[in-house]
Amino acid sequence: TGIKHSYQEMLSDYNLQNKNYITGVYSIDSTYTDIYNYIQNVSAGYLNLSKTYKKISFQAGVRGENTIIHTLSKSNNSGFNRQYFNIFPLMSIDYKKSDNHNFSISYNKRVTRPDYNLFNPFIKFNSLLSTFKGNPNLIPEYSHDANFTYSYKTWMNHSFTFSRTTNNLLLYNAINDSSKLNVTSVVNLKWADFYNYSL
């Protein structure tokens, strides 16, 4: 059992000034100037239990997390405050049939939070015609992962995994037909399924 707390604060200060080549005076370009502040607090508590009985091993656990996020864009005085609490269970069962054959099955729930860069709506140039713009309306991505593994003599492993992800974070590109400017951003999909087999 245990507890954990993490605190993260990010501050970006973008200041773009255009030079008037006649007067030599610089003036601020408000379109590409912004001060953006991001603060994230995550408090968590967890409990794990494990037990071995003959050839079978059990593990079960749960983690509770409370997340608080504050953002503020000073150029347009926009931002948000969010608070949400989540429960993340996990379980696994291992069966050692013999020294040559071992089976395991597991399930867990995970979260992927959008980070500072994905939230920040400021346009950042990667090149003359390529930019990235964050999305302040993103919500966390949650995945439910189930796995079955068969091991032969501990060196040959067959693993089957299924994952259902909700609010799936997806990068996408949009191109302006007139300017040919490519803008990369990120959105939430309603859900996505992933299947995997590995040997």
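This is a short tour of one predicted model, moving from its sheet to one strand residue and then to some salt bridges.

Residues are numbered from 1 along each chain as its sequence is written. Because the model is predicted, local features need pLDDT of at least 70 and side-chain atom pairs count only at pLDDT 80 or more, while totals for chains, interfaces and linings use all residues; side-chain values use heavy atoms, without hydrogens and water.

**Stop 1: the sheet**

Select the strands (DSSP runs of E, at least two residues, numbered from the N terminus). Two strands pair if DSSP finds at least two bridges between them.

**Stop 2: strands E8 and E9**

Now select E8 together with E9 (residues 130-133): the two run antiparallel and are joined by four bridges. Look for Ile-123, which stands opposite Lys-133 in E9.

Next pick Thr-131, also in strand E9. Is Thr-131 buried or exposed? Thr-131 has a relative accessible area of 1%, so it counts as buried (buried is under 20%, exposed over 50%, partly exposed in between, with a 1.4 Å probe and protein chains only). Show what lies within 4.5 Å, heavy atom to heavy atom, which is the rule for contact. Beyond its neighbours within four places in sequence, Thr-131 is in contact with residues including Ile-123, Phe-125, Leu-181 and Val-183. Then find Thr-1: its C-alpha is 45 Å from that of Thr-131, and the two are 130 residues apart in sequence.

**Stop 3: salt bridges**

Side chains of opposite charge can pair when their charged atoms come close. A salt bridge here is a side-chain nitrogen of Lys or Arg within 4 Å of a carboxyl oxygen of Asp or Glu. How many salt bridges does this rule give? The count is five.

Select Asp-145 and Arg-110, whose side chains meet at 3.1 Å, N to O. Asp-145 is in strand E10 (residues 141-152) and Arg-110 in strand E7, 35 residues apart. Asp-145 is buried at 15% relative accessibility, whereas Arg-110 is partly exposed at 47%.

Move to Arg-113 and Glu-65, a salt bridge of 2.2 Å, N to O. Arg-113 sits in the loop between strand E7 (101-112) and helix H1 (116-119), and Glu-65 in strand E5 (residues 56-73). Glu-65 is buried at 8%; Arg-113 is partly exposed at 22%.

Last, select Asp-99 and Lys-96, with closest N and O atoms 3.9 Å apart. Asp-99 is exposed at 66%, and Lys-96 partly exposed at 43%.
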